Amino acid sequence: MSGFSVFGTTDDRVEDVVCSGDRLLRTAAGLSDDALRAPSQLPGWTRGHVLAHVARSVDAYVWLLRLAHTGREPGPRADAATLSAAVERDAALSADRLAARLRESLGLFTAQAHATPAPAWDRLVPALAGWLHPARYLLLRCLRELETHHLDLGLGHGTDQWPDAYVSWALDDTLATLHAQGFPLASVEAVDLGRRWSPAAEGASVAGPGHLLLGWLGGRIPAGALTGDRPADHLPRPPAWPQPPLPGWGRVDDETHAP
């Protein structure tokens, strides 16, 4: 997969997650109970749901880091239904308690990342949906979780506040997936990053700041924020995001090297 190089070393990527997590924690700590119950930018979810989802997702990443470290499952793994029920429960917590819950999850992730030995970062671990990836990809998954859902709170953290390194990686990752799926985008240009991609031989051409391109591909920004060779309502609709990385590292049900 492309994109890892923009983050430098594993320590650099851990620090990116720490900084992103600190920003989200500062936002969460400033919420009142009423603000937490208000609707988020995600249909049907309050801000409490968003923060609860982030905390539970980070817990899942901690589980996978421990698996990579030891080669053994660190206890039972929560399935999708269990996680959904947990998010509903946690979303009803007070603002103080939910912020503390998120702080605890992020602290555990950071501690486990620092404790993970170098060889373990290359161990393949299974996403809940069944696709495999190296443990190092958890750092990028976690960063995407934090940055995207910080935006979803609707509290002023816009795509323009996404770090350039994150935007570059996520564009690489997303556009590689769309290329493998034959998504009809012939040209994508991030004018501020000096980067261009050609996901398909034919299709639409779009350009704009990298953060707006990523926001559109992630379903957070309307196509009208971009420039291109056709009207915004004639651009192809990006699939639900994030997608499993393609070309990727296989699936649990068809790979013999799964944990």
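Visitor: Across which strands does H7 lie?
Guide: H7 lies across S3 and S4, and runs at about 10° to S4. Helices (H or I, at least four residues) and strands (E, at least two) are DSSP runs, numbered from the N terminus. Axes are lines fitted to C-alpha atoms, for helices over the stretch in contact, and angles run from 0 to 180 degrees between N-to-C directions.

Visitor: Before we go on, what kind of model is this?
Guide: This is a predicted model: local features need pLDDT of at least 70, side-chain atom pairs count only at pLDDT 80 or more, and totals for chains, interfaces and linings use all residues. Residues are numbered from 1 along each chain as its sequence is written, and side-chain values use heavy atoms, with hydrogens and water left out.

Visitor: What pLDDT does the protein average?
Guide: The average is 93, and 95% of the residues score at least 70. pLDDT is the predictor's confidence in each residue, from 0 to 100. Over residues 1-6 the pLDDT is below 50. Where pLDDT is low, the predicted coordinates should not be read in detail.

Visitor: Back to the sheet. What is the strand order?
Guide: The order is S4-S3-S5-S6, in an open sheet of four strands with mixed pairing. Strands S4 (195-197) and S6 (227-228) are the edges, each pairing on one side only. Two strands pair if DSSP finds at least two bridges between them.

Visitor: How many bridges join S3 to S5?
Guide: Five, between S3 (residues 185-190) and S5 (residues 204-208), which run parallel. Val188 stands opposite Val206 in S5.

Visitor: And where does H8 lie?
Guide: H8 lies across S3 and S5, running at about 140° to S3.

Visitor: At what angle do H7 and H8 pack?
Guide: About 45°, with the axes of H7 (residues 164-180) and H8 (residues 210-217) 10 Å apart. That makes H7 oblique to H8. The cut-offs: under 35 degrees is roughly parallel, over 145 roughly antiparallel, 65 to 115 roughly perpendicular, and the rest oblique. H7 passes H8 in a left-handed crossing. A crossing is left-handed if the near helix is turned anticlockwise from the far one by less than a right angle, and right-handed if clockwise.

Visitor: Which residues of H7 and H8 meet?
Guide: Tyr166, Val167, Ala170, Leu171, Thr174, Leu175 and Leu178 in H7 meet Gly210, His211, Leu213, Leu214 and Leu217 in H8. Contact means heavy atoms within 4.5 Å. By class, the contact of H7 with H8 has nine nonpolar, three polar and no charged residues. Ala, Val, Leu, Ile, Met, Phe, Trp, Tyr, Cys and Pro count as nonpolar, Asp, Glu, Lys and Arg as charged, and the others, Gly among them, as polar.

Visitor: How do H5 and H6 cross?
Guide: At roughly 160°, with the axes of H5 (residues 95-115) and H6 (residues 137-152) coming within 12 Å. H5 and H6 are therefore roughly antiparallel to each other. Their crossing is left-handed. H5 brings Leu106, Phe109 and Ala113; H6 brings Leu138, Leu139, Cys142 and Leu146. The contact has seven nonpolar, no polar and no charged residues.

Visitor: Is the crossing of H3 and H4 left-handed or right-handed?
Guide: Right-handed. By class, the contact of H3 with H4 has five nonpolar, three polar and four charged residues.

Visitor: Last topic: which peptide bond is cis?
Guide: The bond from Trp241 to Pro242, with omega near 0°. Pro242 sits in the segment after S6. Most peptide bonds are trans.
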